[in-house]
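Dear colleague,

I am passing on the model that we spoke about, together with some notes on its geometry. Please look through the coordinates before you read on.

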Amino acid sequence: MKKAFLFVILLLPFLYLLWSVQTENDPIKYIFTFTGLSSLVLLITSLSLRPIKKVINLMRYRKMIGLYAFFYAFLHFLNFYILDAQLDFAFVVKETIDKPFVYLGMISFLILFFMALTSTKKLFLKFNKQHKAVYLVLILVTIHASIAQKVLSSLEYTFIVVTCILLGYRFYTMVLPNIKPYS
Amino acid sequence: MNILKKPDWYISENEVTDETLFEKRRDFLKLGAAALVSSSVVAEKLAAVEKIPRQALDFKKTSFGKDLELNSFDQASTYNNFYEFSLNKKDPAKLAHTLKPTPWEIEISGEVENPMYIDLQEIFSSYPLEERIYRFRCVEGWSMVVPWIGITLAHILKKAKPTSKAKYVKFITELDPEMFPDQRRGIFGNIPYPYVEGLRIDEAMNNLTFMAVGMYGKVLPNQNGAPIRLVVPWKYGFKSIKSIVNIELVEEEPLNTWKQINPTEYGFYANVNPKVDHPRWSQARERKLGSFFKVKTEMFNGYSNEVASLYKNMDLRKLY
């Protein structure tokens, strides 16, 4: 029941997008910003659940939030391919190879795509190690979001700080304890 | 001495809502039911109601861009890159009331025989204002078509008589933290201030190079660079510097603000060129405001006939 409620809540940004985009001056750009921010915020939310587990355990919602992060990333990709590139496949390939801004996003999208495909119980058991690549996605997407701007605003600085905190936590709790001392 | 003390509620005559606008508000309220039907209709009505009335101008129509399809005034006045107010393009329309476009003077100095100050009122009253419809292409990939009102830059420069040493023209935006909130933030500001732009003298004297004081029949809204701005239609929008207070004729190429911030991405020339990409995004096509479909970007933004000769023998990949 709670999951169904969360499912609807996380769909609301999409419904709002469908409504609000009609009055936007620069709809393609608006869709990029909206879906990109939604995806990044959900990605950060899903990765924050482990650090806050002792305070409040929401781990059972992690998969749905992560899948929604992929859903908004997928809309972001569709916006690039259908509206921005106007289905010009050669253009998409050329831009992806040429421009760091584009390939950082594309690599991240492909990793999220792989994670979404392997998110069933059975496949997750097999591929859960590979799902750690989500931290790579977090780094790449933070850079991608930052270089989408001509100059950084407080929003991008916030993402950079949050990303550093999440990576720091991961390093402190998962990596450091596994480094064997010399003695 | 007779001191007139204004009560708190006092507002001046020109702040009073125009009767026609007041009536429109009535119409708008009647549209309440329609709100549920179409959000875009309401947004337009709302925008029309909340606009501050602008002073109408006397001007001559010209044939420039007469076949182009105009963007709406709402589009052109609610999507502005004006970092002195905000990085967000919707914010200047809400914040720019702090800009005081009158009184305003432009200083013309440097390599000229007649250094001078021009009062803005002089331009409104005694210069031959004309309307020109130009394409406007932002380096970010969006574009619009705007009916500007103003005079050629050449018209102003000829009065000041540039000397033979005048190889470039440097423009400076007003520096006044009272008017521009972001100028109060020092090193935390969005960009360094004051904003500086420049043109080569032959570009400046070109007949297309325009100093706009109005658009859509009336004076410029503050967020579009009131009271006077440059419009160079064959260059990316950041060259078209807003709210100018100083025009200096100089011998050396001036360092324009965006080139100063990021010289590998933004150059001095900034000519619209679909074949030379921005390092981060393609410039081959553009998003005309209000459209879900992109169109091809034209060389020199469609003004090749007028300006291509200025750049012959120049490598436009290097001098971007």
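The notes below take up each chain and the contact between them.

This is a predicted model, in which local features need pLDDT of at least 70 and side-chain atom pairs count only at pLDDT 80 or more, whereas totals for chains, interfaces and linings use all residues. Residues are numbered from 1 along each chain as its sequence is written, and chains are lettered from A and ligands numbered from 1 in the order in which they are written.

To begin with chain A, its secondary structure consists of eight helices and zero strands, where helices (H or I, at least four residues) and strands (E, at least two) are DSSP runs numbered from the N terminus. The radius of gyration of chain A, taken over C-alpha atoms, is 18 Å, close to the 16 Å that the globule rule (2.2 Å times the number of residues to the power 0.38) gives for 183 residues, so the chain is as compact as a globular protein of that length. Along the principal axes, the C-alpha atoms of chain A fill a box of roughly 60 × 45 × 35 Å.

Of the 183 residues of chain A, 28% count as buried; a residue is buried if 20 or more other C-beta atoms lie within 10 Å of its own, exposed if 12 or fewer, and partly exposed in between, with C-beta atoms placed from the backbone. Two residues are in contact if their C-beta atoms, placed in that way, lie within 7 Å, and among contacts in chain A between residues at least 6 apart in sequence, 65% join residues at least 24 apart.

Two residues of chain A may be worth a look. A:Phe5, in helix 1 (residues 2–20), is exposed, with 9 other C-beta atoms within 10 Å. A:Gln86, which lies in the loop between helix 3 (62–84) and helix 4 (89–98) of chain A, has a positive phi of about 50° although it is not a glycine, and A:Gln86 is exposed, with 12 other C-beta atoms within 10 Å.

As for the contact between the chains, it takes 16 residues from chain A and 18 residues from chain B. On the side of chain A, the largest share, three residues, comes from helix 2 (residues 27–48). By class, that side has seven nonpolar, five polar and four charged residues, where Ala, Val, Leu, Ile, Met, Phe, Trp, Tyr, Cys and Pro count as nonpolar, Asp, Glu, Lys and Arg as charged, and the others, Gly among them, as polar.

In chain B, five strands form an open sheet of mixed pairing in the order 3-2-11-6-7, two strands being paired if DSSP finds at least two bridges between them. Strand 3 (116–119) and strand 7 (196–200) of chain B stand at the edges, each with a single partner strand, so one side of each is left without a neighbour in the sheet. Strand 6 (residues 168–173) and strand 11 (residues 244–250) of chain B run antiparallel and are joined by six bridges, and B:Ile172 stands opposite B:Asn246 in strand 11.

Chain B also holds some backbone features to check. The peptide bond between B:Tyr193 and B:Pro194 is cis, with omega about 0°, and the one from B:Ala226 to B:Pro227 is cis as well, with omega near -5°. B:Tyr216, which is not a glycine, has a positive phi near 50°, and B:Tyr216 is buried, with 21 other C-beta atoms within 10 Å.

With best wishes
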